[in-house]
Amino acid sequence: MHPPPPAAAMDFSQNSLFGYMEDLQELTIIERPVRRSLKTPEEIERLTVDEDLSDIERAVYLLSAGQDIQGASVIANLPFLMRQNPTETLRRILPKVRILNPLVSKAQLSQTVQSRLVSCKILGKLTNKFDALAIKREILPLVKSLCQDVEYEVRSCMCRQLENIAQGIGTELTKSVVLPELIELSRDEGSSVRLAAFETLVNLLDIFDTDDRSQTILPLVKSFCEKSFKADESILISLSFHLGKLCHGLYGIFTPDQHLRFLEFYKKLCTLGLQQENGHNENQIPPQILEQEKKYISVRKNCAYNFPAMIVFVDPKNFHMDLYSTFFCLCHDPEVPVRYTIAICFYEVSKLLNSGVYLIHKELITLLQDESLEVLDALIDHLPEILELMSTGGESSVQENKLSSLPDLIPALTAAEQRAAASLKWRTHEKLLQKYACLPHVISSDQIYYRFLQRMFTIMMTNNVLPVQKAASRTLCIFLRYNRKQEQRHEVIQKLIEQLGQGKSYWNRLRFLDTCEFIIEIFSKSFFCKYFFLPAIELTHDPVANVRMKLCYLLPKVKSTLKIPADKHLLQQLEMCVRKLLCQEKDKDVLATVKRTVLELDRMEMSMDAFQKKFYEKDLLDQEKEREELLLLEMEQLEKEKQQNDGRPMSDKTFEKKRRDTKTPTTLPKNIPISVPGPTSGTQSTSKEIKKSKLIRSQSFNNQAFHAKYGNLDKCAGKSSTAAYTPSVSGLTKTSVISLTDDSFRTRNATSAPSSFSSNTPLPSTSRGTGNSGDPKSSGSKDTQPRKAALKSRKSNP
C-alpha cells in the first residue's frame with residue numbers, strides 16, 4: 001500500500017482516482033534527482049561524527065579533520081557557541097579557525113545585533129592568527145565598519161577589542177588605524193562607548209610614543225577629567241580606577257601646573273560625597289540618592305586602591321605636605337570598603353615611605369582599632385612586615401627600636417585580638433595569632449611576657465576552635481623561644497607541663513602534645529629532651545584513648561630528638577613505654593596505631609653525637625638553634641651587667657647582631673659545644689667575664705637534683721590494666737631525670753610577674769649525657785604518692 005502523498009502535492013478538491021495517480025507520477029519525477037544526489041557509503045562515513053560529542057568537541061573535530069563545508073558550518077555557528085560556552089569557544093575553537101569569509105558575512109549590517117557583537121569578540125581573538133596582508137585587506141576594514149556601527153552596543157564592544165587588535169598588528173598600524181578610531185569613539189554620543197574608548201586608551205599608553213601621549217592622549221585625559229564632574233559622572237568610577245595607570249603612563253609629560261591640577265583632582269575624588277548632607281533619614285533616602293552614594297563610595301575605594309601610585313607620582317619626600325591629609329581621610333572614611341582597601345595598601349605605603357614611615361604610625365593604630373573585622377583582616381596580612389618597617393624606621397642598619405615612641409601599639413594589638421576572639425570569624429582570629437609570632441622581633445621580651453603570654457595560655461585552654469588553639473600554641477612557643485629571661489622561660493615551661501600536660505581535661509593534654517610538636521620544630525633537640533621528653537612519653541599511661549593515640553603518632557618525632565649515645569637512657573625509656581603499650585593497651589584503635597608506630601620507629605635511623613653526612617643539614621640547623629639558646633643565657637647575664645653599669649637595658653637589635661656574629665662557621669666541630677665561646681681576648685678581665693658567664697650557665701642547667709615522678713618505666717605496677725601506674729625506684733640509677741633546685745627558678749619576686757605565672761613547684765627536666773648527681777633513693781621516694789593521686793584524679797576526671 002502506497003503512503004499518502006504530502007498535502008502540498010495533493011489537491012483535496014479532486015476525489016477521482018485519475019487525479020490521484022497524476023500526483024503520484026509528479027512525486028516520482030521529483031524524487032529521481034534526489035536519489036541521484038545521495039552520497040556514497042564512503043562519503044557518508046567521512047562526514048559522520050560521533051553523536052556523543054558535545055558541541056564544543058564536535059566543532060573542534062570538524063575544524064581539525066572535517067571537510068571545508070563542515071568547517072564553514074562551524075564558523076556560521078560561532079555566535080551560538082559563544083553564547084553557549086564563550087570560554088571554551090575562545091580557548092579551543094578560535095585558534096583553529098582558518099577561513100575569514102563566514103566571519104565577514106556575520107559582521108555585516110544585515111545580520112542581527114547579537115551576531116555582530118559576537119563578530120567583534122572573535123575579531124579581537126583572531127587578529128594575531130593571520131599574516132599582515134590578510135589583516136590589512138580583510139580584518140582592519142571590518143574593524144572600522146564595526147567601530148562605526150549604527151548600534152552603540154556594537155561600537156562599544158568593538159572599541160574594547162581594539163586593545164587586543166593593537167597588540168596583534170604592531171605599533172605603526174595602531175597609530176595610523178586604531179588611534180584615530182579611539183579619538184573618534186571618545187567623542188561618541190553613547191556614554192558606554194566613551195567609557196570604553198577611555199579605558200582602551202589607558203591600557204594602550206605603553207604603545208604610544210611621547211609625542212602621541214603629550215599631543216593627543218593628554219588633552220583627551222584632561223577633557224575626561226573636566227567632563228566627569230560636570231556632565232558625565234558615568235566615567236568617574238572608571239577614571240578613579242585607572243588613575244594609577246595614568247600617573248605611570250603620563251609620568252614626565254605633565255607640566256608643573258598640570259601636575260598640581262591632577263593631584264588636586266585626585267584629592268577631590270578621595271573626599272567625593274563626604275561633604276554633602278542629604279538631610280534625609282536612612283529609611284527615607286530616595287533611590288537616586290542611594291545610587292549616587294554607592295557610586296561615590298566606589299570612587300573613593302578606587303582612590304584608596306591607587307594611593308601607592310600617587311605617592312610615587314608626588315615623590316615620597318613630599319608625602320607629608322601633599323598626601324598625608326588625604327591618607328588620613330581614607331583611613332577614617334565612614335565606609336568599610338574604603339578603609340578595607342587602604343588597609344590592603346598599607347604595607348605598600350609603608351615601603352614607599354621608607355624612613356618616613358613614622359608619619360603613619362597613628363593610622364596603623366586607627367586601622368588596628370577599626371570596628372570592622374574585614375579591615376583588620378586586610379591589615380594583618382602584612383602585619384609582620386609593617387611592624388618590622390616601623391621598628392627600624394625603614395633602615396635595616398638602625399640599632400634603636402622606633403616603636404618605643406608608639407605607646408599605643410601594644411594596647412591596639414591586644415584589643416584587636418580580643419575583638420577577633422569575641423566574633424564568629426575564627427579564621428581572622430587564627431590569622432592574627434599566627435602573625436603575632438613576629439612580635440619578638442619588634443617589641444621587648446618583657447612586653448611579650450606580661451601582655452601576650454598569659455593570653456596565649458588562656459586561648460589554648462578555653463577557646464573552642466582547634467585551629468585557633470593550635471595557632472596560639474605555636475605563637476606561645478615562639479614567644480618562649482625568644483624570651484630573654486631564664487626565670488620567665490622556666491615558669492612558662494612549668495606551666496605548660498602542669499596545666500596542659502598534667503591537666504585534668506583530656507583536651508588540654510591533647511594540646512600539650514600539639515605544643516610538643518611545635519617545640520620539636522622550633523627548638524633544638526637538646527631543649528626538648530631536657531624539658532618535654534619525659535612529660536610527653538608519660539602520656540602513654542593516659543586514661544583517655546585519644547590522648548594515647550595522638551602520642552603514638554608523635555612518637556617518631558620524639559625519637560628523632562634523641563642522639564646516641566648521650567640519650568641512650570631516654571631511648572630505653574621510650575622503648576619501655578612502647579612495650580607497655582603493646583602489652584597493656586585494650587583499645588583496638590590505639591593498639592593498631594601502636595603497631596604501625598612500632599614499625600616506623602624500627603625503620604628510623606638514630607642521629608649520633610658526631611656529625612653524619614646523611615643528617616648533616618639537620619644537625620647543622622639543630623646546632624644553630626642550640627647556639628642561639630645558649631646565647632640567650634649569655635645575653636641575659638651581659639644585660640644584667642650592663643644595667644648595673646649604666647641602668648640601660650640591652651636592645652633587641654644588639655642581641656640580633658650578637659646572634660649573627662656567633663653563627664655556625666663553615667667548618668664544624670664533631671661535637672656540639674655546651675656553651676658559646678666568648679670573644680678572644682688576652683686581658684684578664686675578659687677571661688673572668690667568660691668564666692663568670694659559664695659558671696652561671698653551669699649553675700642554671702647542671703646543678704639539679706633528681707625528681708622521682710619521672711622515674712624509670714621498666715616495670716608494670718600491677719596486672720590490672722586500669723590500675724594507676726607507680727614508677728619504679730630501682731631503675732633510677734639508669735635515668736637522668738632531674739628537677740631544678742635553684743631558688744631563682746622556683747620562686748619569683750612578687751613585683752616582677754603576675755600571680756598567674758608564679759609557682760613554687762620545681763620544674764622537671766632531663767639532663768643530656770650527665771651521670772647521677774643525687775641520691776636515687778631519697779629523691780625517688782618523695783613524690784611517689786602525689787604522682788599516684790594525680791593519676792587517679794586524672795582517671796576520674798577525663
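Reader: How many aromatic pairs does the count come to in this structure?

Author: This is a predicted model, in which local features need pLDDT of at least 70 and side-chain atom pairs count only at pLDDT 80 or more, while totals for chains, interfaces and linings use all residues. Residues are numbered from 1 along each chain as its sequence is written, and side-chain values use heavy atoms, with hydrogens and water left out. A pair of aromatic rings is described by the distance of the centres and the angle of the planes. Rings of Phe, Tyr and Trp (its six-membered ring) pair if their centres lie within 6.5 Å, and the planes count as stacked when under 30 degrees apart, edge-to-face when over 60 and tilted for the rest. By this rule the count comes to 20 aromatic pairs. One of them joins Phe-262 and Phe-313, which is edge-to-face because the ring centres are 5.7 Å apart and the planes stand at 65 degrees.

Reader: In which helices do Phe-262 and Phe-313 lie?

Author: Phe-262 lies in helix α16 (residues 256-270) and Phe-313 in helix α18 (residues 307-314), so the pair ties together parts that are 51 residues apart in sequence. Helices here are DSSP runs (H or I, at least four residues), numbered from the N terminus. Both Phe-262 and Phe-313 are buried, where buried means under 20% relative accessible area, exposed means over 50%, and partly exposed lies in between (1.4 Å probe, protein chains only).

Reader: Which salt bridge does Lys-267 form, and how many salt bridges does the structure hold?

Author: Side chains of opposite charge can pair when their charged atoms come close. A salt bridge is a side-chain nitrogen of Lys or Arg within 4 Å of a carboxyl oxygen of Asp or Glu, and the structure holds 22 of them. Lys-267 meets Glu-264 in one of these, at 3.8 Å from N to O, and both residues lie in helix α16, three residues apart, about one turn of the helix. Glu-264 is partly exposed, with a relative accessible area of 39%.

Reader: Which residue does Arg-300 meet in a salt bridge?

Author: The side chain of Arg-300 meets that of Asp-333, with 2.7 Å from N to O. Arg-300 lies in helix α17 (residues 287-305) and Asp-333 in the loop between α20 (324-331) and α21 (336-344), so this pair ties together parts that are 33 residues apart in sequence. Arg-300 counts as buried at 3% relative accessibility, and Asp-333 is buried as well, with a relative accessible area of 2%.

Reader: Is Asp-370 buried or exposed, and what does Asp-370 touch?

Author: Asp-370, found in the loop between α23 (361-368) and α24 (373-379), counts as buried because its relative accessibility is 7%. Contact means heavy atoms within 4.5 Å, and Asp-370 touches Arg-339, Val-375 and Arg-419, not counting residues up to four places away in sequence.

Reader: Where does the kink in helix α9 lie?

Author: The bend at a residue is the angle between axes fitted to the seven residues ending there and the seven starting there. In helix α9 (residues 132-147), a kink of about 35 degrees lies at Ile-139, shortly before the proline Pro-141. Ile-139 is itself among the buried residues of α9, which also include Ala-134, Leu-142 and Cys-147.

Note on methods:
Helices (H or I, at least four residues) and strands (E, at least two) are DSSP runs, numbered from the N terminus.
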